[in-house]
Amino acid sequence: RGLDLHVWDYNDQWTPTNGSYDGVYVQTRAAEGLDKHFDDTYSQELTGYFVPEVTAEYRFFCKGDDYCEFALSLDEHVDNLTAVSFAYFYTPSYYRADTQRSAPISLVAGRR
């Protein structure tokens, strides 16, 4: 468990956490706490596994500045990733468009 954070500017790529980021990722700026200042010229990607503790239906939300997408695979294979929520515009809210909220997705406890 845990997330891997990748941040890019127009010329370089940084991987500041090397898979060790653990916990909830909430940040107003991708570069906050890093040595590099990006302003609006960056992209970021968080990758990891979601392992539900309870078998249930889950919904996934996304919001972002200019573009965001939440992709999910129902098994461990990256080739099976499918965008389940997305916004191709700036939105500070999870509720601007229906596409920002996934349909309910059935997940099994302990399975990644």
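A residue counts as buried when its relative accessible area is under 20%, as exposed when the area is over 50%, and as partly exposed in between (1.4 Å probe, protein chains only). By that rule, tyrosine 94 is partly exposed, because its relative accessible area is 35%. Keep this scale in mind as you look around the structure.

What you see is a predicted model, in which local features need pLDDT of at least 70 and side-chain atom pairs count only at pLDDT 80 or more, while totals for chains, interfaces and linings use all residues. Residues are numbered from 1 along each chain as its sequence is written, and side-chain values use heavy atoms, with hydrogens and water left out.

## The overall plan

The protein chain has zero helices and seven strands (helices are DSSP runs of H or I with at least four residues, strands are runs of E with at least two, and both are numbered from the N terminus). Along the sequence, the pattern reads β-β-β-β-β-β-β. Of the 112 residues in the protein chain, 26% are buried. The accessible surface of the protein chain is about 8000 Å², and carbon and sulfur atoms hold 48% of that surface (areas come from the Shrake-Rupley method with a 1.4 Å probe, and for residues only the protein chains shown count as cover).

How much of the contact list joins residues 24 or more positions apart? Such pairs account for 53% of the contacts with a separation of 6 or more, where a contact means heavy atoms within 4.5 Å.

## The inside

In soluble globular proteins, nonpolar side chains tend to be buried together. Here, the largest nonpolar core has five residues: Tyr58, Phe60, Leu72, Ile105 and Leu107. Such a core is a set of buried Ala, Val, Leu, Ile, Met, Phe, Trp, Tyr and Cys residues joined through side-chain atoms within 4.5 Å. Leaving aside neighbours within four places in sequence, leucine 72 is in contact with Phe60, Asn80, Leu81, Thr82, Val84 and Ile105.

Alanine 87 sits in strand β6 and is buried, because its relative accessibility is 0%. Its partners beyond four places in sequence are Cys62, Asp66, Tyr67, Cys68 and Gln100.

Two serines are also worth a visit. Serine 102, in the loop between β6 and β7, counts as buried at 1% relative accessibility. The side chain of serine 102 reaches the backbone nitrogen of phenylalanine 60 at 2.8 Å. Serine 73 lies in the loop between β5 (68–72) and β6 and is buried too, at 12%. The side chain of serine 73 makes a polar contact with the side chain of aspartate 75 at 2.9 Å, and also reaches the backbone oxygen of histidine 77 at 3.0 Å. A polar contact is a pair of N or O atoms within 3.5 Å; within protein, one must be able to donate a hydrogen and the other to accept it, and residues adjacent in sequence count only if both atoms are side-chain atoms.

## The loop between β6 and β7

Tyrosine 94 is found in the loop between β6 (82–87) and β7 (105–107). Together with Phe61 and Tyr95, Tyr94 forms a nonpolar patch on the surface, with about 330 Å² of accessible area in total. Patches are made of residues with over 30% relative accessible area and no salt bridge; like charges are joined within 9 Å, and nonpolar side chains (Val, Leu, Ile, Met, Phe, Trp, Tyr) within 5 Å.

Proline 92 has its place in this loop as well, and proline 92 is exposed, with 54%. Phenylalanine 89, also in the loop, is partly exposed at 27% and touches Gly64, Asp66, Tyr67, Arg96, Ala97 and Gln100, not counting residues up to four places away in sequence.

Some residues lie well apart along the chain, as these C-alpha pairs show.

| Pair | Apart in sequence | C-alpha separation |
|---|---|---|
| Phenylalanine 89 and aspartate 66 | 23 residues | 4.3 Å |
| Proline 92 and lysine 63 | 29 residues | 6.1 Å |
| Alanine 87 and cysteine 62 | 25 residues | 7.4 Å |

## The salt bridge

How many salt bridges does the structure hold? There is one, where a salt bridge is a side-chain nitrogen of Lys or Arg within 4 Å of a carboxyl oxygen of Asp or Glu. The side chains of arginine 101 and aspartate 98 meet in it, at 2.8 Å from N to O. Arginine 101 counts as buried at 19% relative accessibility, whereas aspartate 98 is exposed at 62%.
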